[in-house]
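Trainee: I would like to learn how to read contacts in a protein model. Could we take one feature at a time?

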Amino acid sequence: MMETLSRATFAVASVTLMLLALALVGFGAFELVSALSQNWHEGGDALLRAIGYVVIALAVFDVAKYFVEEEVIRSRSLVTTSDVRRSLTKFISTIAIAVFIEGLVIVFQVSKHDVEKMLYPTGLLATAILIVLGLGAYQRLNVEVERQVDRKDDAEQFTAKLGAAAESTSDNSVHHSCRIESEGI
């Protein structure tokens, strides 16, 4: 019951986020058309704002898609650590790209009007770099842990197979010796 409620909540939240992302794209397009119909000089700024809206919309849509894939569709009991790592890597990469593009858009906007306000877009670009570096460190550490777990699992499987083979051999020896005794040999 609780898992169904959780999945339904994530489904509703995901659909809501997808609709909001679509609304952002529509708003950006509407603002661009409005600016171009009034003054071509304002068109460049409106175009940069529209790009910013689309980038944010893509990031929001990707969050919604992540929720659908991870929380609504996929069964939690069937998830491996490598699946989680791949999903998280894809999600964080999309966010990092969105932050990079948003930083670049703001750099272009600010550089036209007030260069002294470049601290914020520079901070955005630095943040995006830190996200990518953090993701790289996460992947590196996670792959090492996965290798260690795989080695341990392989050793446990080998030990189990070895034990089963030894047990099978001893059962055959006991069965063979019992047959010899019953035949009076």
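Trainee: At what angle do the axes of helix α2 and helix α3 cross?

Mentor: This is a predicted model, and the angle is taken between the N-to-C directions of the two axes. Here the axes of α2, residues 40-73, and α3, residues 81-113, cross at roughly 170° and come within 10 Å. Angles over 145 degrees count as roughly antiparallel, and α2 and α3 are therefore roughly antiparallel to each other. The crossing of α2 past α3 is left-handed.

Trainee: How do the residues of the contact of α2 with α3 divide?

Mentor: The contact of α2 with α3 has 14 nonpolar, 9 charged and 6 polar residues.

Trainee: How many salt bridges does the count come to?

Mentor: The rule asks for a side-chain nitrogen of Lys or Arg within 4 Å of a carboxyl oxygen of Asp or Glu. By this rule there are 3 salt bridges. Take E3 and R7, whose side chains meet at 3.0 Å, N to O. E3 and R7 are 4 residues apart in helix α1, residues 2-38, which means that about one helical turn separates them.

Trainee: Are E3 and R7 buried, partly exposed or exposed?

Mentor: Read the relative accessible area: under 20% is buried, over 50% is exposed, and the range in between is partly exposed. E3 has 44% and is partly exposed. R7 has 25% and is also partly exposed.

Trainee: Which helices hold R49 and E31?

Mentor: First the contact: the side chains of R49 and E31 form a salt bridge at 2.9 Å, N to O. R49 lies in helix α2 and E31 in helix α1, so this pair ties together parts that are 18 residues apart in sequence. R49 is partly exposed, at 31% relative accessible area, whereas E31 is buried, at 18%.

Trainee: Where do K65 and D62 lie?

Mentor: Both are in helix α2, 3 residues apart, about one turn of the helix. K65 is partly exposed, with a relative accessible area of 26%. D62 counts as buried, at 9%.

Trainee: Now the rings. How many aromatic pairs does the structure hold?

Mentor: There are 4 aromatic pairs. One of them joins F27 and Y53, with ring centres 5.3 Å apart and planes at 75°, so the pair is edge-to-face. The cut-off for that label is an angle over 60 degrees. F27 is in helix α1 and Y53 in helix α2, so the pair ties together parts that are 26 residues apart in sequence.

Trainee: How accessible are F27 and Y53?

Mentor: F27 is partly exposed, with a relative accessible area of 40%. Y53 is partly exposed too, at 22%.

Trainee: Which residues do ring pairs link into a cluster?

Mentor: The cluster consists of F10, Y66, F67 and F91.

Trainee: One last residue. Where is the place of R74?

Mentor: R74 sits in the loop between α2 and α3, and counts as partly exposed at 29% relative accessibility. R74 and R7 are 67 residues apart in sequence, while their C-alpha atoms are 9.9 Å apart in space.

Definitions and conventions: Residues numbered from 1 in each chain as written. Predicted model: local features only at pLDDT ≥ 70, side-chain atom pairs only at ≥ 80, totals over all residues. Heavy atoms only, no water. Axes fitted to C-alpha atoms, helices over the stretch in contact; angles between N-to-C directions. Helix = DSSP H or I, 4+ residues; strand = E, 2+ residues; numbered from the N terminus. Parallel < 35°, antiparallel > 145°, perpendicular 65-115°, else oblique. Left-handed = near helix turned anticlockwise from the far one by under 90°. Nonpolar A, V, L, I, M, F, W, Y, C, P; charged D, E, K, R; others polar. Buried < 20%, exposed > 50% of the residue type's maximum accessible area, 1.4 Å probe, protein only. Phe/Tyr/Trp six-rings, centres within 6.5 Å; stacked < 30°, edge-to-face > 60°.
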